[in-house]
Amino acid sequence: MNQPTEIFSMKKYQHSKIESKWQKIWQAKKFFAAKDFSKKPKKYVLVEFPYPSGEGLHMGHLRPYVAADVYTRYFRMRGNEVIFPMGWDAFGLPAENYAIKQGVHPSIATKKNISNAKRQMQSWGLSFDWSREVNTTDPNYYKWTQWIFLQFYKAGLAYEATGLINWCPKDKTGLANEEVIDGKCERCGSTVEKKELRQWYLKITAYAEKLLEGLKHLPKWPEPVKLQQENWIGKSVGAEIDFILDQPKVKRFVILHARGGYPDGYFYPWLKRELESRGYEVQAPAMPDPEAPNDDEQAEFVSKNFVLDESTVLLGHSFGNVVALRLLERGHKVNRVILVGAPFYGKFLDNKTRPTVTAAVQKGFDFKTIKKNSNSFTLLYDTHDYVISVADGEAFSKALGFPLIKLRAQKPHFMEKVEPDVLSVALGATKVFTTRVDTLPGATFIVIAPEHALIESYKSQIINYKEVAKYVKEAKDKTDIQRTAKEKEKTGVELKGIKAINPVNDQRLPIWVADYALMGFGTGALFGDAHDERDQAFAKKYNIPLKVTLKPADGSDDSKVRSFEEVFTGDGILYNSGEFDGLGSEEARKVITKWLVDKNAGKATVTYKLRDWVFSRQRYWGEPIPIIHCSDCGIVPVPEKDLPVKLPKVKNYQPTGTGESPLAGIDKWVNVKCPNCGGEAKRETNTMPQWAGSSWYWLRYTDPNNKKGFASISKQKYWTPVDVYFGGMEHTTLHLLYSRFWNLFLYDQKLVTAREPYTMRKPHGIILGTDGEKMSKSRGNVVNPDSIVKSYGADTLRMYELFLGPHEATVSWNEYGHIGVRRFLDRVWGWGNEVESKKLKVESESENVQRALHRLTKKITEDIENFRFNTSVSAFMEFHNEVKDEPVSVLSLKIFLTVLYPFAPHVAEELNSIIGNKTSLQLEPWPKFNPEMIVEDTVEIVVQINGKVKGKINLPTGSSQLVAQSQILKLDSVKQTLSDQSIKRIVFVKDKLINLVI
């Protein structure tokens with residue numbers, strides 16, 4: 001009896017020595033290095049790579065890492081060629097803020113933090129393939145991040161613009177919408193402000209539909225993850241309606257054509273017809289010498305031959321805009337000027353020379369005189385123009401003090417025969433998107449967002465402009481969350497002096513600015529009617545008349561709706577709606593939309609809540625954006641041969657808070673020669689956001705040392721898509737959305753082989769600290785894994801992490817819970833040594849051990865494949881309790897250690913070695929279970945009377961109801977309860993339950 005105790009004491013479970021030993025063996029033998037183009041079936045297991053913080057990795061990181069490691073080790077043993085890589089998401093705010101706090105340069109701090117994090121991962125026994133390690137701050141890596149950005153730019157999906165963005169006052173940088181949670185910075189929790197800055201954007205909105213469509217082909221993604229992305233993209237199908245401004249002072253339009261154009265070319269004849277059909281006089285002169293136009297000569301011609309007064313709107317296209325401005329310089333007063341694609345710099349995106357155009361604009365403009373002679377200016381520019389840059393428009397916007405309207409023309413540079421947006425601007429139309437066009441006949445007012453261009457464009461006509469401007473300023477200081485909160489009382493100010501015309505009934509509607517309208521939703525404008533709770537509350541507050549135009553389709557009493565005591569918001573039957581009376585809502589939406597299209601007053605359209613991704617940060621620690629700004633050539637991409645644009649080493653890397661990156665002050669780095677003309681130019685000084693490097697990193701893992709491309713097509717084809725991606729729910733609308741966008745773009749460019757990057761997404765739940773709050777460094781409730789590894793071992797830490805609860809559930813950390821797991825491993829260690837000492841053969845063990853082992857193998861196999869890691873740990877404990885006092889063979893112990901290995905690899909390897917096996921368990925095949933050995937000879941049946949338990953009996957497996965009934969009637973508890981009562985009914989569940997109903 002004393003021998004097992006002596007053996008146990010001789011071979012004490014010294015976790016630190018055992019774990020260090022096996023980690024070195026695994027590393028030396030390169031067990032976990034994945035082989036490209038193996039004949040084995042591939043399995044790509046990915047876990048989100050971390051940003052290496054100064055405090056090191058914590059339990060939140062460990063949870064998906066260990067789960068993924070168990071899954072990975074299992075599939076290697078199942079005969080798969082598994083790639084399980086790891087790297088470092090090391091650019092961005094977390095690393096930079098830590099460096100600033102410590103007073104250490106980010107490059108030094110990051111290198112130190114990576115070293116520490118890697119040490120931690122290796123101490124946990126994670127089977128990463130370190131030969132594929134990547135680092136987003138490595139120039140060899142971010143060269144390709146920059147290269148991909150240039151592909152976006154070439155495709156027209158990366159652009160620069162000035163606008164209101166989310167600004168974090170603490171981190172002193174701009175944020176994307178996805179980085180703002182409940183009005184606060186996702187990273188530091190500071191209340192986000194609005195700030196107007198020059199930014200780079202990625203046009204993720206161009207992929208909104210593809211991002212939605214792709215979700216339909218991801219059956220292995222959790223529904224909550226897909227739903228969260230769907231809601232964030234926010235697709236709405238409806239109509240875009242043009243509410244034309246009532247402009248009683250406008251009588252005529254003068255259309256001034258482009259260089260090389262004529263009155264019967266481009267959109268001019270169509271625009272003339274449309275304006276004339278609305279009662280305007282239209283003059284479209286054929287300008288002298290259109291192929292080599294002279295601005296003064298053409299201005300003189302128009303001045304002498306056409307009527308220009310304060311009832312005239314001048315509309316210029318391209319060079320025609322220069323002529324329009326010269327007319328104002330000559331003293332002609334007009335009502336309004338519309339500049340469509342106006343040249344400012346005299347340099348052209350297609351690099352062609354247009355000497356007379358360049359000469360004309362380089363003479364400059366007398367903006368002081370120009371602004372005196374027009375009530376307003378509208379600047380319209382095409383984001384896909386290949387002649388005139390949007391930067392020209394921004395220069396005019398700054399000089400004239402009027403907002404810039406950017407959109408995509410029907411044909412670049414507005415050269416199509418029909419350009420609806422030009423007509424819309426000419427008519428002063430306010431575009432409103434709605435999904436409820438059936439209520440349009442009942443519209444009685446318009447609401448626009450404080451940021452809407454209409455306010456500045458028509459400020460000279462707004463009688464109470466000072467009151468409006470004050471309200472706008474106050475509204476812009478509020479967050480979107482504050483502005484749209486349901487409990488918030490709605491406020492607004494009417495724009496007195498201008499009205500909008502309802503296209504279906506020609507009613508003149510007041511226009512209000514209200515903070516509950518947002519530019520980020522729809523068009524930033526909406527019409528108000530009686531069938532919206534918010535609209536009706538707003539109208540009642542400001543005494544705006546309302547008109548009920550819908551009644552319930554079932555004919556129910558709607559008297560309270562008609563008296564405005566209740567709001568009817570559902571579909572119904574139209575009335576008070578003119579020619580649309582009697583239509584049901586669904587049909588009316590189709591009919592009215594078609595009517596609008598036929599009248600050139602609107603169109604069927606789809607909008608998305610998703611906004612373009614703000615892709616620049618005013619910080620130092622990030623990938624330099626590979627763009628050069630030239631005063632002559634405009635925006636010039638860095639030639640691909642000159643990549644990477646390396647981040648310069650500087651002493652002062654603190655954020656400036658001025659809207660400029662610290663890089664702006666490094667003259668030696670900023671000032672360069674233009675790649676196009678060789679003239680003086682400057683580098684882009686904003687850097688990329690921390691999400692840039694993580695938007696494609698899984699691709700680089702397939703080919704990490706490639707110097708000719710980001711990853712070869714052949715290796716991508718072998719490894720991708722990722723089979724299982726472990727990560728957190730908090731990245732659903734950040735990293736997951738961004739990386740899907742990058743992958744879809746690269747797929748369209750034929751640069752990647754898989755349309756979707758991840759076949760399965762496996763999110764994990766969060767870990768709550770002992771205080772019941774989410775573990776985080778800011779709360780100070782983080783448990784350091786290093787201390788548990790040191791005192792109890794990595795296998796203890798791994799198994800306790802898995803034992804906490806279901807992988808996807810929120811779980812609570814028990815500061816003493818891991819002790820129980822360590823005791824279990826101690827028992828396994830002692831039991832394993834005892835089994836080894838007896839060296840029993842299989843013939844010497846009981847059938848119960850065999851059955852228990854087959855049950856365990858089946859359970860662990862199914863649990864791993866279904867990510868039920870917590871119940872696996874329980875199963876190991878139950879198995880040990882069941883067989884610990886029975887004779888167990890060395891072979892059965894080996895099978896037990898084989899299935900234990902993915903969970904507690906170090907102790908399993910050591911015990912396997914102790915029992916004489918020289919082959920690592922990683923190289924052993926996964927054991928198979930025999931279904932026949934799992935079936936029990938007898939089962940326990942619950943006995944009930946009227947649903948109350950009266951006892952249990954053991955019967956042969958598969959016994960019939962008659963057999964069960966005959967046996968339970970022999971039980972004293974059943975006899976006493978039945979007494980002289982008869983049995984009315986019997987409920988029988990085979991092998992589980994029998995219930996007598998009396």
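These notebook entries record what I looked up in a predicted model of one protein chain.

**Entry 1: the chain as a whole**

I began with the confidence scores. The pLDDT averages 91 over the chain, and 97% of the residues score at least 70. I then turned to residues 1-10, where the pLDDT is below 50. Beyond near neighbours in sequence, this stretch has six contacts in the model.

For the overall extent, I took the box filled by the C-alpha atoms along the principal axes, which is roughly 120 × 80 × 50 Å. I looked up the secondary structure and found 35 helices and 37 strands. The chain has 998 residues, of which 55% count as buried. I also checked the contacts between residues at least 6 apart in sequence: 75% of them join residues at least 24 apart.

**Entry 2: a sheet of four strands**

In what order do the strands of the open four-stranded sheet run? I read the order as S27-S26-S29-S28, with antiparallel pairing. The edges are formed by strand S27 (634-637) and strand S28 (671-673), each of which pairs on one side only. From one strand to the next, the twist averages 40 degrees.

I then examined the pairing of strand S26 (residues 627-630) with strand S29 (residues 680-683), which is antiparallel and runs over three bridges.

**Entry 3: aromatic pairs**

I looked at two of them in detail.

One is formed by Tyr 71 and Phe 726, an edge-to-face pair with 6.0 Å between centres and 70 degrees between planes. Tyr 71 belongs to helix H3 (residues 59-77) and Phe 726 to strand S30 (residues 724-728), so the pair ties together parts 655 residues apart in sequence. I find both Tyr 71 and Phe 726 buried.

The other is formed by Phe 876 and Phe 896. Their ring centres are 6.0 Å apart and their planes stand at 90 degrees, so this pair is edge-to-face. It links distant parts of the chain, with Phe 876 in helix H30 (residues 869-883) and Phe 896 in helix H31 (residues 890-900), 20 residues apart. Phe 876 is buried, at a relative accessible area of 0%. Phe 896 also counts as buried, at 0% relative accessibility.

I also traced a cluster linked by ring pairs; its members include Phe 149, Trp 200, Trp 613, Trp 691, Phe 741 and Trp 742.

**Entry 4: charges over rings**

I searched for arginine side chains placed over aromatic rings. The charged end of Arg 740 sits over the ring of Trp 221, 6.0 Å from its centre. Arg 761 lies over the face of Tyr 725, and here the distance to the ring centre is 4.7 Å.

Is Asn 743 buried or exposed? Its relative accessibility is 2%, and because buried means under 20%, I record Asn 743 as buried. The residue is placed in helix H25 (residues 735-748). Leaving aside neighbours within four places in sequence, I find Asn 743 in contact with Trp 698 and Leu 699, and also with Val 752, Ala 754, Arg 755, Glu 756 and Pro 757.

Note on methods: Residues are numbered from 1 along each chain as its sequence is written. Side-chain values use heavy atoms; hydrogens and water are left out. Two strands pair if DSSP finds at least two bridges between them. Helices (H or I, at least four residues) and strands (E, at least two) are DSSP runs, numbered from the N terminus. Axes are lines fitted to C-alpha atoms, for helices over the stretch in contact, and angles run from 0 to 180 degrees between N-to-C directions. Rings of Phe, Tyr and Trp (its six-membered ring) pair if their centres lie within 6.5 Å; planes under 30 degrees apart count as stacked, over 60 as edge-to-face and the rest as tilted. Buried means under 20% relative accessible area, exposed over 50%, partly exposed in between (1.4 Å probe, protein chains only). A charge sits over a ring if NZ of Lys or CZ of Arg is within 6 Å of the ring centre and within 35 degrees of the ring normal. Contact means heavy atoms within 4.5 Å. pLDDT is the predictor's confidence in each residue, from 0 to 100.
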